[in-house]
Each structure stands twice: as structure tokens, then as C-alpha cells.
Amino acid sequence: MNSMFSGEEEWNVLNKSINSHQNLMKMSNFEFVEVITLQHLVFCCRSGNPLKPDMDGSGEPEEAPPEADEQNDEAWDKETEDEKAEADRDEGLNDEIEDEDEEEVEVVKPKPKPKEPCKVRKDHINVVFIGHVDAGKSTIGGHLLYLTGMVDKRTLEKYEREAKEKNRETWYLSWALDTNLEEREKGKTVEVGRAYFETDKKHFTVLDAPGHKSFVPNMIGGASQADLAILVISARRGEFETGFERGGQTREHAMLVKTAGVRHLIVLINKMDDPTVEWDVDRYNECKEKLLPYLRKCGFNPKTDIYFMPCSGLTGAFLRTVPEESLCPWYRGPSLLDYLDEMPPMNRDKDAPVRVPVVDKYKDMGTILLGKIESGVVCCNQKLTLMPNKASVKVVSLITDEEESEDAYPGENVKIKIAGVEEEDVSPGFVLCSPENLCHTGRVFDAQIVILEHKSIICAGYSCVLHIHSCAEEVTIKVLICLIDKKTGEKSQVRPRFIKQDQVGVARLEVNGGMICLETFKDFPQMGRFTLRDEGKTIAIGKVLKIIE
């Protein structure tokens, strides 16, 4: 009989092939039933020889003899028993290996992240640098940022190289705050520069106000956000006199910060290292004696509200450390940073309704507003109302000094990303308020005004620019109600025909542009004091007494 499975060797080869296939199926996680079925199929083929049947002359396959069937059955039973025993041994071995693996491999539980310690919120103080142009405001501000680590040495060296290329070697420190190309080219601050630094006890926001008379409106916007003012005076011969005489900005800036609500003034007599001065105590006292009478007239108390200090913005003397006694024996401290660190904390009203006058706005993946929180606490996802257009908005995120935070407290200068209003529908002078306690809006109001400087008389119908908190609008004097005696505070004349320089009076003002946000000075001083300007000069200061309509 010619058959492909006729010999025992062929069967062994086939059996090995089936066993290898069985192992492969096990590795592939197939069911063992499939292996048995396949092997049974091959056995059937072996017994019936259907794979390659021998054809006789009739073309039909030959039948296997009965002895072959018996041998095949015995062989199949034996192979099946051997495979079962082998499978049992493999399963037992696998169980032992798994048990050993479970004993050896320990489950490493992830360590819980240690809770970050709550960041201690330092007392926040907003400092505005004011003074005549070229007094050294930006240089002192930039040097403070370097001394407190907010500007690294490498950046400062880069500024120094760039300044030398433009033959402006002494300007490099001011470039930390004067980031605008126009400001660096001309050496004049145009917009209010912003930065911050920290000491051991306090967090300071620096507002670098422009000193040029053309940019006084920008300076007023900076002063409206300040808690403390640093008046920088140049001690260089000729420069102090130019800044303090009529037309200089030293006088106007001092008056403006007092009107803006700043109660404490530090007077830095700068450029004491200049060859025309050389730390001369007589020059220092001369500047001090000329300044004091005017500052007292502005409303500052020399004993409690003013502190004088010599310094050099370029060398850093008396900014952070007190130099050797041989350099300046007549003043031995404290330094500027030490004095700022020891100042008493500011009084903030956290429980009051939210009031955030908008200073500026821009678009960056949404509407972002800049301003100082005058009262209340602002949190993320909080719902507020934007006045005077009564738009309901939601606080999406808060950024305080380039760091995102969940909440912000009174006195902090913040960037608030809001949803619910477009950037085009917001203007500086708008106010974010608590929905349950909105700020007042008005178009006509009565106010007490003090005429500081005006060549001629002022009558009803006179128009000028009103600066109140961060709002600037044109107003007209509708009626002069009365004049007030400076000494007694009593009404001296009712319905006067005019008011002139150095006089105090009550007038009714009307805003030409429509409704603005304001409060009476008695209820909320930060939004109740204002300045009147005309022809590039501050002509009057005042406070809101009553909102008419």
C-alpha cells in the first residue's frame, strides 16, 4: 500500500509538527480545544489517508486495513495522555513562577506629593516715582530692580553695551523700566513703567511716571494707583532750580500725587555724587529748605508724611546699603530699601464691595483689563458688573505681577481676564463692581475746587479736562455756587460771578461726554477726588460733594 503516512517516521514528524503548533497556540492565548480539534482532524486524515490518496485503476482510494486502525487508536490514546501530562506539568510550573514573581515583585505605591506650603501674602505697596524730567527716576527704579534680583547681571551688562554703542553710558540702568524704543532713544519716559520687587517683609509694585510736561496725563494715571510716592530731586547745580521753578514738574507732580490720595512722600535728593555736588551737606540742606514750604502747602505734614534722604542712583549709594562714613558722614541711614521695609502696613478694606477702576485694556485670547483693586477681594470665576454700561462679566483668570493667582486683595495691581464683554466696549475709567453694590454714575455733580494756577479769572461756561481716578473726560463749569474762606471754611460769597487763582469755591460741573463712574469724597475718597487741567497745566484740584444726575 503506497500511502504518505505508511511509516512510523512520517507519523513522528507529523506529531512533532502538531506539538509545535500546539505550543504556538498556547503562546498566542488560543483555546486548547482548537489544538485538540486540529490534531483530531490530522489523525482522521492519517487513518483515512485523505491528504494524498493512492488511486487504483478505478480512481478510488484504497481502504486501510483494520490492524492499522487499531494501531492508530492506541497511538492516539498514548499521545493524548502524554500531552495532558505535559500540559499539567507546564501549568504547575507556571503557577510556581507566578507565585515567586508575586513574592519578589513588590508593588511600589506612588508617594503622595508633599503639600506645598501656603505662600505667605506679603503686605503690598504701590510706589510711584515722580519728579522733573532727567532727575533720575528710571535709573533709581532700574537699580532697585537689580539690587533686589529682579534684573540679572547678564541683562544689565547687555543694556550697558547697547547704551555705550549709542554714547549713552549712564542710561543703561533706566532701560530696565524704559522698554520702549522711543524712550531709550530720547532718554525720556513716555508711558508709566511697571515692575515689582520684594523685600523680606513687603511686596512692592514700581510705577515709573514720566517727568516731561507733555505726558502729565500718563503720570496722573500712574499716581492714581499709588500708595506711596518717591519724589526724585536732582542735586546737580542748575537742574534742581529748573525743576522747582515755575514751569518745572517738581511742583506739579507733588500736588498731583497729593490730589490722587498719596499720603506719604519720600524725597530722594539724587545725584549727590555729581562733581558739582560731591556729597555736600550744604547743597542737600538748600534743596530741602526750598522744598519744605511748598510740600507743606500741598497738604503734606513734614513731621509724619515726608522723609528726606540723599542718594546716588548711578552708584547705588543709600539705595540698599549705607556707604562708608568717609563718603557721607552727615547722613548714616537708613537706606531706601530699609526704610520701605519698616513702613507700617497700609489700611485695606477687604470686606467692602469690589471697586476696580480700569486703567488700561488689551486683547490677548480674551479681554484683559489692568487696574488697581481699591476695595474688596476679586476671585476667579467671580461675577462682576462693569460700570457705567452695566455689563455682566465673569472673571476668568487673575495675574498679579506676572503670576497667576486665585484671588487678589485691595491695593494690588492686577490684570483681570474677563468674559462677557469685548475689548472694544471697554474704556479706561470704567469700574468693575460687585453686582449687589454698584458704584454711582453721574453726569452732573457739585464739587469743591481749589484754583492752583490760572492766569485769568474762571467763569461759568469754562471748559477743561477732568481727571478722576483713571477716567479723563472734558467738563464744563455750569454754575459757580459759592466761594469759601480758606481760614474759617465758611461761605464767603454766594453765586460769585468768577473765581480766580488761590481761591476755594463750590461749583457745579457737567461732563460733556456722558455718564462717568464717581463717588462722593465722603463715601469713597479714592473715586471722589479729581484734578482739572487745561493747556497742559494743572489749574485746579477738587473733591466731589454731591452727585446731581
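1. Nonpolar core. In the largest nonpolar core, which has 70 residues, V267 and I269 touch the most other members. A nonpolar core is here a set of buried Ala, Val, Leu, Ile, Met, Phe, Trp, Tyr and Cys residues joined through side-chain atoms within 4.5 Å. Helix α10 (residues 281-298) supplies the largest share of this core, 7 residues. Apart from it lies another core, of 25 residues, which includes C471, I477, A507 and L509.

2. Basis of the values. The model is predicted: local features need pLDDT of at least 70 and side-chain atom pairs count only at pLDDT 80 or more, while totals for chains, interfaces and linings use all residues. Residues are numbered from 1 along each chain as its sequence is written, and side-chain values use heavy atoms, with hydrogens and water left out.

3. Overall composition. The protein chain has 11 helices and 24 strands, taken as DSSP runs numbered from the N terminus (helices: H or I, at least four residues; strands: E, at least two). Of its 549 residues, 45% are buried; buried means under 20% relative accessible area, exposed over 50%, and partly exposed in between (1.4 Å probe, protein chains only). The accessible surface of the chain is about 29700 Å², with 49% belonging to carbon and sulfur atoms; areas come from the Shrake-Rupley method with a 1.4 Å probe, and for residues only the protein chains shown count as cover. Among contacts with a separation of 6 or more, 70% join residues 24 or more positions apart, contact meaning heavy atoms within 4.5 Å.

4. Surroundings of V267 and M309. Not counting residues up to four places away in sequence, V267 touches L231, I233, L291, L295, I306, Y307, F308 and M309. M309 lies in strand β6 and counts as buried, at 0% relative accessibility. Beyond four places in sequence, the contacts of M309 include V267, L268, I269, Y284, F318 and Y339. M309 and K288 are 21 residues apart in sequence, and their C-alpha atoms are 9.6 Å apart in space.

5. Packing of α7 and α9. The axes of helix α7 (residues 216-223) and helix α9 (residues 249-259) come within 10 Å and cross at roughly 35°. Axes are lines fitted to C-alpha atoms, for helices over the stretch in contact, and angles run from 0 to 180 degrees between N-to-C directions. The crossing of α7 and α9 is right-handed, a term used when the near helix is turned clockwise from the far one by less than a right angle. In this pairing, V216, M219, I220 and A223 of α7 meet Q249, E252, H253, L256 and V257 of α9.

6. Burial of α9. Helix α9 is mostly covered, with 9 of its 11 residues buried. Among the buried residues of α9 are Q249, E252 and H253. Just after α9, G261 takes a positive phi of about 105°.

7. W279 is found in the loop between β5 (264-270) and α10 and is buried, with a relative accessible area of 9%. F318 lies in the loop between β6 (306-310) and α11 (336-341) and is buried, with a relative accessible area of 0%. A cis peptide bond joins M387 and P388, with omega about 10°; P388 is in the loop between β10 (383-387) and β11 (391-400).
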